[in-house]
Amino acid sequence: MHNYEPFEADRAAEIIDKHKAREGATLPILHDMQEVFGHIPDAAVVMIAEALNLSRAEVHGTVTFYHDFRKEVPGRRVLKVCRAESCQAAGGDAIADQIEKRLGVELGGTTTDRRVTVDAVYCLGLCHSSPTAMLDDKVYALLDEEKTDALCAEAER
């Protein structure tokens, strides 16, 4: 579970200053911004571009290229559901459907109560234990209907 700070330009400037002298500073800045604010606000994109002498389009392109960067604050919990081939072959489609129905949200969405954001990911590196998912930083493997129901219950807590 995460406790994100509300976006503040002064805090964002601190993060930028911490990394701006590094070669390839864009990604470390974006990672730290997301860790602090839970997402990459448009105002931060402008600040990063100005500080690194990049166009806003370049920074925006980086944010949108990497699927882990968010434009909105996620729910209190983040459930990542593996949709890669190994998980699909092991019944992952049924697991994804079960999660969507149980939580009442499609992959890529957040529940109306903001408790859970459900994301599709394309490999958690656990192909030998398919199908898999990750709730916050904890991995759940060899999912079946019963384990998935328990996983959803944990996500809703």
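This is a predicted model: local features need pLDDT of at least 70, side-chain atom pairs count only at pLDDT 80 or more; totals for chains, interfaces and linings use all residues.
View 1. Residues are numbered from 1 along each chain as its sequence is written, and side-chain values use heavy atoms, with hydrogens and water left out. The side chain of Arg83 meets that of Asp93 in a salt bridge, 2.7 Å from N to O (a side-chain nitrogen of Lys or Arg within 4 Å of a carboxyl oxygen of Asp or Glu). The two residues are 10 apart, with Arg83 in the loop between strand 1 (77-82) and helix 5 (85-103), and Asp93 in helix 5 (helices are DSSP runs of H or I with at least four residues, strands are runs of E with at least two, both numbered from the N terminus). Asp93 is partly exposed at 36%.

**View 2. Asp149 meets Arg102.** Here the salt bridge spans 2.4 Å, N to O. Asp149 sits in helix 6 and Arg102 in helix 5, so the pair ties together parts 47 residues apart in sequence. Both ends are partly exposed: Asp149 has a relative accessible area of 38%, and Arg102 comes in at 31%.

**View 3. A salt-bridge network.** Arg77, Asp136, Glu154 and Arg157 are linked by salt bridges. Within the group, Glu154 and Arg157 bring their closest N and O atoms to 2.5 Å. Glu154 is partly exposed at 24%, whereas Arg157 is exposed at 58%. The model's salt bridge count comes to 14.

**View 4. His39 in its loop.** His39 lies between helix 2 (26-37) and helix 3 (42-52), and it is buried, with 13% relative accessibility. Its side chain reaches the backbone oxygen of Phe37 at 3.1 Å. Leaving out residues up to four places away in sequence, His39 touches Met33, Gln34, Arg70, Lys71, Glu72 and Val73 (contact means heavy atoms within 4.5 Å).

**View 5. The largest pocket.** Its volume is about 370 Å³. On a 1 Å grid over the protein atoms alone, a pocket is an open set of points where a 1.4 Å probe fits, with protein on both sides within 12 Å along at least five of seven lines, and lining residues have an atom within 4 Å of a point. Of the 15 lining residues, His2, Tyr4, Gln34, Asp68 and Lys80 lie nearest the centre of the largest pocket. Helix 2 and strand 1 are the elements that give two or more residues to this lining, and helix 2 gives the most, with 3. By class, the lining splits into 5 nonpolar, 4 polar and 6 charged residues (Ala, Val, Leu, Ile, Met, Phe, Trp, Tyr, Cys and Pro count as nonpolar, Asp, Glu, Lys and Arg as charged, the others, Gly among them, as polar).

**View 6. The second largest pocket.** About 170 Å³ of space lies here. Its lining includes His67, Arg70, Pro74, Gly108 and Asp119. Strand 2 (109-110) and strand 3 (116-121) are the elements giving two or more residues to that lining. The class tally for this second largest pocket is 2 nonpolar, 5 polar and 4 charged.

Notes: Buried means under 20% relative accessible area, exposed over 50%, partly exposed in between (1.4 Å probe, protein chains only). A polar contact is a pair of N or O atoms within 3.5 Å; within protein, one must be able to donate a hydrogen and the other to accept it, and residues adjacent in sequence count only if both atoms are side-chain atoms. Grid points are joined across faces, edges and corners, and a volume is the space filled by probe spheres set on the points.
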